[in-house]
Each structure stands twice: as structure tokens, then as C-alpha cells.
Amino acid sequence: KYFKDQVVSVEAFKAGDFDFMAVNIAKQWERDLDGSKFEDGTLVKKLFPHKNNAGMQGFVCNTRKFLFKDPRVRQALGLALDFEWINRTLFFNQYTRSDSYFSNSDLAATGTPGKEELALLEPFRQQPPPEVFTPPPQPPTTDPPSSLRANLRKAKQLLSEAGWKVKDNVLRNGEGREFSFEILLVSPSFERVMAPYVKNLGTLGIQASYRTIDPALYTERIKNFDFDMVVNVFGQSQSPGNEQRNYWHSSSADRKGSDNLAGIRDPVVDSLVDAIIYATSRKELTTACRALDRVLWYGYYVVPNWYLASHRLAYSSRLQQPDTFPYYYSPDQLLMTWWDGSAGK
């Protein structure tokens, strides 16, 4: 059986049509997996922690567009996202803020750059922002003593430095051009996230809108980089390699259909991507990934979103599991190690 509607699939699971399901909607996990079968133990819902590399999910700025060419503008856009409010109000506090392009992984940058990272970064000392050589930043937060108001004030300052000022409640540059853009969506479920974000952008005088379109049209527009901002997940493995060239390298910026959605063209990034691909040891790979992480982060190409360091699984209590779980696995891989405890009874 194949269920196109997740709401229907949850009800079918509770009715006993199948025995195992992974849940990727916070509301369903929190509110819909209940009832007598969960109460009497016939069905179980449980979080299974993992160490999978979560990569980066974010709102990608298309730097091919005039509005997003200045990194100060892109940084300002990130300050307008109130993750804590979204997580608390919409996601039942289930998610963790993405703080790296290799989130939930030992490949993420930590502390100040060590001598191995500096060996990769020093030849470009004058090119990346000086912050690259400092401890990696944390994403903006609205938890006290921080606040959304303070973040928006900083965003306003950055926009002003980039030449954007509010006039008649609309953000404009020196030529009178309005700061207006569209966020392209393929899933209606993201509309509830975009509504408060667009409202916060409006406080800055930015006229942002969002639109959900047909999947086929969405795919075509993404392939041709025909968008202003889009939601995307840059997935990462435990051993990054050639795919990094497709994500970030200058050679993929103009190649239609590539995953370099941000349109990154940066010789520093190119060099670090090559260092990842041609690494000859795990230590070299980790060093190159951490250095790349810093440079990408301070490029402010995306507004970081969130990730879940656990699999949300619901299953029949008949299914038995081994005592020890792996560090890295998908729900399907985990299921392959389970067995029907009722067999032979």
C-alpha cells in the first residue's frame, strides 16, 4: 500500500494496516499518535537518537540576484528568523537549530581554527571575512538576554550599511529600488513557517512574499535558478567528497541543474572543496570540512533552519530490537535489524 496523504497513513497505522512508520511532522508526533493501542502497549512511539550528519537546511539566498549580492544583506535576513518562537509554537520544541553545514557531526567547526585549518585558510587571509579566523558563530537567538527586537535593530544597521534605508515604510536603496522578493515553496506545510518570518521582514521594510507551486514547475524553476529564495537541504554523509563541488564550487554556479543554488563563486571555497575531495586521511578530511564550514557560514548564503538528532518511529510492540544500536542509520536500515517477536507463538 502507498499513502500519498500522511494524515491518512497515520490513521491507517493506528488501525493496524501496517506495523512501522517514521514520522517527519512534529505535530503528528506530538498530537496524533495516541489512543487505546498506545495506552495498552500494542503500539509504541519512541525517539531513536543517531549521529547522522544533518548537513544544512536553510532558506537559500540566490546571490545571482541583485538583492542578495551583499553578505551584509544576507546576514540581516538571517536575523529576522525567530527560530525559538517557531520551535516553541509550531514544532513543540522538538528541533535543534542548525549551527553548521555539517550539523550533528564531528566535521562541524569548533573553537578557533587550529594550525591545520590555518594552513588551509592563511593563503587567503585577505579574502574571507576576518570572522572566519575567530570561533565559529552561533546562529541568532531570541532567548534572553537576546530578543527579536535586538536582532531586528542589528539587521536594520546592516541594511543601512549596505545602502538600504526605510522610506514611506518601504526599504529602498539609493536609487529608490524597493527591497522586494519571493520565497518559492513546494510544500504547503512550510507556509506556517514563512508567515511569521515574512512578518518580521516586513518590520524592516522588506516586502517579502511566499508562494507554493506545482512540483513539476518547482523542479523546473530550481533547475534554472529561477527563484529569489528557496528552502533546501544540503545533505551530508559521514565522508563528504565529490558532491561538495556540486554544492559550492564556482564550476557549478552556472551549470543548470546543479545544487549550487546560492550561486557561490569564491576561490577560497573552491580551494577548500578540492582539499575535501583530495584528502588522504580522515584527519585531513575533517580539517578541510571544518575550514569550509567557517567560510560558508560567514558567507551568509542561507538562513539556517533546524534538524532532529533522532528518528521519530512508531511501531507494533511485536517488533523486537537488538540491545545495541549503531551510530549512523536510517529508519529503514534500523528496521532491517528487527524481528517479529510473536513468530512461533
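The model is a predicted one, in which local features need pLDDT of at least 70 and side-chain atom pairs count only at pLDDT 80 or more, whereas totals for chains, interfaces and linings use all residues. Residues are numbered from 1 along each chain as its sequence is written, and side-chain values use heavy atoms, with hydrogens and water left out.

## Overall fold

The protein contains 13 helices and 14 strands, these being DSSP runs numbered from the N terminus (H or I of at least four residues for helices, E of at least two for strands). Its radius of gyration is 22 Å, close to the 20 Å that the globule rule gives for 345 residues, so the protein is as compact as a globular protein of that length; the radius is taken over C-alpha atoms, and the rule is 2.2 Å times the number of residues to the power 0.38.

Of the 345 residues, 47% count as buried, where buried means under 20% relative accessible area, exposed over 50%, and partly exposed in between (1.4 Å probe, protein chains only). Among contacts (heavy atoms within 4.5 Å) between residues at least 6 apart in sequence, 72% join residues at least 24 apart.

## Salt bridges

The count of salt bridges comes to 17, a salt bridge being a side-chain nitrogen of Lys or Arg within 4 Å of a carboxyl oxygen of Asp or Glu. One of them joins Asp-106 and Arg-282 at 3.7 Å, N to O, and this pair links distant parts of the chain, 176 residues apart, with Asp-106 in the loop between strand 4 (96-97) and helix 6 (115-121) and Arg-282 in helix 12 (residues 282-297). Asp-106 is partly exposed at 46% relative accessible area, and Arg-282 is partly exposed at 40%.

Arg-265 and Asp-254 form another salt bridge, their closest N and O atoms being 2.4 Å apart; both residues lie in the loop between helix 10 (243-248) and helix 11 (267-277), so the pair ties together parts that are 11 residues apart in sequence. Arg-265 is partly exposed at 45%, while Asp-254 counts as exposed at 56%. Elsewhere, Glu-182, Arg-211, Arg-221 and Asp-226 are linked in a network of salt bridges.
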